[in-house]
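Please keep the sequence and the coordinates in view while reading.

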Amino acid sequence: METRLRLAIQKSGRLQEDSLLLLRECGISIDNGRDQLKAGARNFPLDVLFLRNSDIPQYVEDGVADIGIIGENTMIEKQRPIERVLALGFSRCRLSIAVPRATPYAGIHSLQGKKIATSYPNTLRQFLAQHDLEADIHEISGSVEIAPNIGLADAVCDLVSSGSTLFQNNLEEKEVLLRSEAVLVASPQLSGPAREILDKLLFRIRSVLAARQYRYLLMNAPNDRIDDIIRILPGMKSPTVMPLATEGWSSIHTVIAEESFWDIIDQLKAVGAQGILVAPIEKMII
Ligand code: AMP
């Protein structure tokens, strides 16, 4: 029987959409399966299992799923012996301790003896132990941010990305326990044939992730400016320079990291680059 790789992703919640988008960009089409527990890919030996986020580490450990996509925060909290294979660059957030704005806070020792509400008791316990602190951990499964307002806790330990939920609840972020993003995890039970499929999938994912970070840059310039332009470009290799139909002019093409584009654009214009175009890259084979 043909081996198929079983990938667990979130049944509902904020990781699901980006996980499915990543598969789509890897050229893997999943039959519409959002309401099902399991859906097969038509053009790749992969089945997707839609599971509760917090259950995924256990299923991956047991080998019910071969691999999974979860937040690194969940992986750390669940303390399961699963392999962190690759960081995926989405769902970036941090796990932080926040206290009501009106509460005086004179540093981490202000947490001594306090009651802290969280859905991440293991991570919090470890953090407190590292700092020789004792606090009362109150575990709740959702809406942690309202706990101080209803008198349930003195502080919260919760996930933060923009900080707007904390702000709306009059809370101030004081300590960052960890930074997290979505990660691909693999089972310790992974079979040889499943590992081979995983390697093919990883090749595709890496190409998609690399492409997301880079842009294709094209510009025209008089030939006597080409050397100046090349000096500015932080390209992967030397850029391509091609003559234009207009005598004495060339077109210069290169690939640059999206984050460095805004830093160099003014310099490029200053040395005579014209008609600058920036285009997305769909896949980048690395
Ligand atoms: P949820 O959809 O709320 O079950 O969250 C699933 C995962 O998404 C969490 O385990 C985190 O890795 C991530 N996440 C949760 N909250 C945030 C947030 N505020 N910003 C970014 N990622 C988050």
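Glu72 is found in helix 3, which spans residues 72-78; helices here are DSSP runs of H or I with at least four residues, strands are runs of E with at least two, and both are numbered from the N terminus. The structure is a predicted model, in which local features need pLDDT of at least 70 and side-chain atom pairs count only at pLDDT 80 or more, whereas totals for chains, interfaces and linings use all residues. Residues are numbered from 1 along each chain as its sequence is written, and side-chain values use heavy atoms, with hydrogens and water left out.

With a relative accessibility of 15%, Glu72 counts as buried. The classes are buried for under 20% relative accessible area, exposed for over 50% and partly exposed in between, computed with a 1.4 Å probe on protein chains only. Apart from neighbours within four places in sequence, Glu72 is in contact with Arg84, Arg179, Ser180, Glu181 and Val183, where contact means heavy atoms within 4.5 Å. Glu72 and Arg94 are 22 residues apart in sequence, and their C-alpha atoms are 9.9 Å apart in space.

The next topic is the interior. In soluble globular proteins, nonpolar side chains tend to be buried together. A nonpolar core is defined as a set of buried Ala, Val, Leu, Ile, Met, Phe, Trp, Tyr and Cys residues joined through side-chain atoms within 4.5 Å. The largest such core has 34 residues, and Leu46, Leu88 and Leu184 touch the most other members. Two or more residues each are given to this core by strand 1 (5-10), helix 1 (16-25), strand 3 (46-51), strand 4 (67-71), strand 5 (83-87), strand 11 (182-186) and helix 6 (192-213). Helix 6 supplies the largest share, 8 residues. A second, separate core has 16 residues, among them Leu111, Leu124, Leu128 and Ala155. Returning to Leu88, its contacts beyond four places in sequence are Leu22, Ile69, Glu181, Ala182, Val183, Leu184, Ile205 and Leu209.

Which residues of helix 1 meet helix 6? Leu21, Leu22, Leu23 and Glu25 do so, and their partners in helix 6 are Leu201, Ile205, Val208, Leu209 and Arg212. Two packed helices are described by the angle between their axes and the distance between the axes. For helix 1 and helix 6 the angle is about 100° and the axes are 9 Å apart; axes are lines fitted to C-alpha atoms, for helices over the stretch in contact, and angles run from 0 to 180 degrees between N-to-C directions. Helix 1 and helix 6 are therefore roughly perpendicular to each other, given that angles under 35 degrees count as roughly parallel, over 145 as roughly antiparallel, 65 to 115 as roughly perpendicular and the rest as oblique.

Helix 8 (residues 258-270) bends by about 45° at Ile264, the bend being the angle between axes fitted to the seven residues ending there and the seven starting there. Ile264 is also one of the buried residues of this helix, together with Ser260, Phe261, Ile265 and Leu268. An α-helix has 3.6 residues a turn, so residues three or four places apart point the same way. The cover over the buried residues of helix 8 includes strand 12 (214-222), helix 7 (226-232), strand 14 (249-257) and strand 15 (274-280). Just after helix 8, Gly272 takes a positive phi of about 110°.

Ser91, with a phi of about 55°, lies in the loop between strand 5 and strand 6 (93-100) and is partly exposed at 24% relative accessibility. Asp132 has a positive phi near 55° and lies in the loop between helix 4 (121-130) and strand 8 (136-139); with a relative accessible area of 71%, Asp132 is exposed.

A further loop residue, Ile140, lies between strand 8 and strand 9 (155-160) and counts as buried at 17% relative accessibility. Beyond four places in sequence, Ile140 is in contact with Ala117, Thr118, Ser119, Ala147 and Leu152.

The cysteines remain. With a disulfide defined as a pair of cysteine sulfur atoms within 2.5 Å, the count comes to 0 disulfides. Cys157 is in no disulfide, and the nearest cysteine sulfur, that of Cys93, is 12 Å away. Cys157 is buried, with a relative accessible area of 0%.
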